[in-house]
Amino acid sequence: MKAITLPTPGDADALVLAEVPDPEPAAGEVRVKVAAAGVNRADVMQRMGHYDPPPGASAYPGLEVSGTIDAVGEGVDGWSVGDQVCALLSGGGYAELVCVPAGQLLPVPSGISLADAAALPEVVNTVWSNVFMTANLLPGQTLLVHGGSSGIGTMAIQLAREVGARVIVTAGSAAKLEACRELGAEVLVNYREQDFVEEVKAATGGAGADVILDNMGAKYLARNVEALATNGRLVVIGLQGGTKAELDLGLMLRKRAAVIATSLRARPADEKATIVAAVREHVWPLVEAGRVRPVIHSRHALADAPAAHRELEESGHIGKILLTP
């Protein structure tokens, strides 16, 4: 099969299309003939040499795919050759074939094309596990989403809207903010021109955000804590703004707040299966009803993975970027 390999870390041109051996499904796994793969920030970090795959995972980048099952390993129940699926991966999605534990599979939702379904697994599982299972966002509460026009952001807006929460977003352009508004964000903050702490306090009568979903890390840590409500939960899922910063524990105590840092890729398979099952129960009906949808910015051929990475790094996209073998 063909796959995108990483002979050495580097810029986007470090991604090399090569002929590699076909993977074979182990017990408990299926093999998927890939129709499309999602491009994620974690793939960029891996390409640069900053985010190694977990032990035992494929060395090729790619954390989500859609496609058709073409082989089933021993001990797999409930899935058959020919089933159309999308899948959460630990790696290997930038390829024509990929093996995945059966617990990380989801059926392609009705109303979503096979290729477009590749835009769902990473963002939906990330948002559901962090915003709802971990931070317990409730109806009537306020969610602040940094990077609201990203793949994660566009999904977080929609799911929070569906549970009856109020959504505040940050983004860096009028076009991105308008896209967020169309998805259900009520308060729009241009981080290039406005202070999000002031805007959050103004929008909430001084109370602050109950949950903050943050992709920046250190750069925003102090200001995020300032923007939290009493009993607020800050969930850090990205480190685009660095890894080390001071934390005012006195302010945390006064607010009875929590700072939580999580990742999805390195979790054990049983934890991922639990999250995937929750997504199938709670989110898939919303997708099939047309109330929640993947937002797709562009599509590239697998051989054009370097161009897809450059597009992601330029940060001009709204929603997801896909690769199609």
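This is a predicted model: local features need pLDDT of at least 70, side-chain atom pairs count only at pLDDT 80 or more; totals for chains, interfaces and linings use all residues.
Visitor: What makes the meeting of R181 and E178 a salt bridge?
Guide: The side chains of R181 and E178 come to 2.4 Å, N to O, and the term asks for a side-chain nitrogen of Lys or Arg within 4 Å of a carboxyl oxygen of Asp or Glu, so the pair qualifies.

Visitor: Why are R181 and E178 called partly exposed?
Guide: R181 has a relative accessible area of 42% and E178 one of 31%; buried means under 20% and exposed over 50%, so both values fall in between and both residues are partly exposed.

Visitor: Which residues of α4 are buried, and how do you know that they are on the same side of the helix?
Guide: The buried residues of α4 (residues 174–183) are K176, L177, A179, C180 and L183. They cover an arc of only 155° around the axis, which puts them on the same side of α4. A174, A175 and E182, on the other side of α4, are exposed. What the buried residues pack against is α3 (151–162), β9 (166–171) and β10 (187–190). Just after α4, G184 takes a positive phi of about 130°.

Visitor: Why is T262 called buried, and which residues does T262 touch?
Guide: The relative accessible area of T262 is 18%, and the cut-off for buried is under 20%, so T262 counts as buried. T262 is found in the loop between β13 (258–261) and α8 (269–282). Not counting residues up to four places away in sequence, T262 touches N130, V235, V236, I237 and R267.

Visitor: What joins the side chains of T262 and N130, and why does it have that name?
Guide: A polar contact of 2.3 Å joins the two side chains. The name is applied because a polar contact is a pair of N or O atoms within 3.5 Å, one able to donate a hydrogen and the other to accept it.

Visitor: Where is L89, and is L89 buried or exposed?
Guide: L89 is placed in the loop between β5 (84–88) and β6 (97–101), and L89 is buried, with a relative accessible area of 3%, where the cut-off is under 20%. Leaving aside neighbours within four places in sequence, L89 is in contact with residues including L63, V65, V98, V100 and K272.

Visitor: How many residues does the largest nonpolar core have, and which have the most contacts inside it?
Guide: The largest nonpolar core has 45 residues, and L159 and W284 have the most contacts inside it. Apart from that core lies another, of 26 residues, among them L15, V39, V100 and I321. In soluble globular proteins, nonpolar side chains tend to be buried together.

Visitor: How many salt bridges does a search of the whole structure find, and why is the pair of E313 and R47 said to tie together parts of the chain?
Guide: The search finds 14 salt bridges. In the one formed by E313 and R47, the closest N and O atoms are 3.0 Å apart. E313 lies in helix α10 (residues 305–314) and R47 in helix α1 (residues 41–47), so the pair ties together parts that are 266 residues apart in sequence. E313 is partly exposed, at 33% relative accessible area, whereas R47, at 2%, counts as buried.

Technical notes
Residues are numbered from 1 along each chain as its sequence is written. Side-chain values use heavy atoms; hydrogens and water are left out. Helices (H or I, at least four residues) and strands (E, at least two) are DSSP runs, numbered from the N terminus. Buried means under 20% relative accessible area, exposed over 50%, partly exposed in between (1.4 Å probe, protein chains only). Contact means heavy atoms within 4.5 Å. A nonpolar core is a set of buried Ala, Val, Leu, Ile, Met, Phe, Trp, Tyr and Cys residues joined through side-chain atoms within 4.5 Å. The arc is that of the directions from the helix axis to the C-beta atoms.
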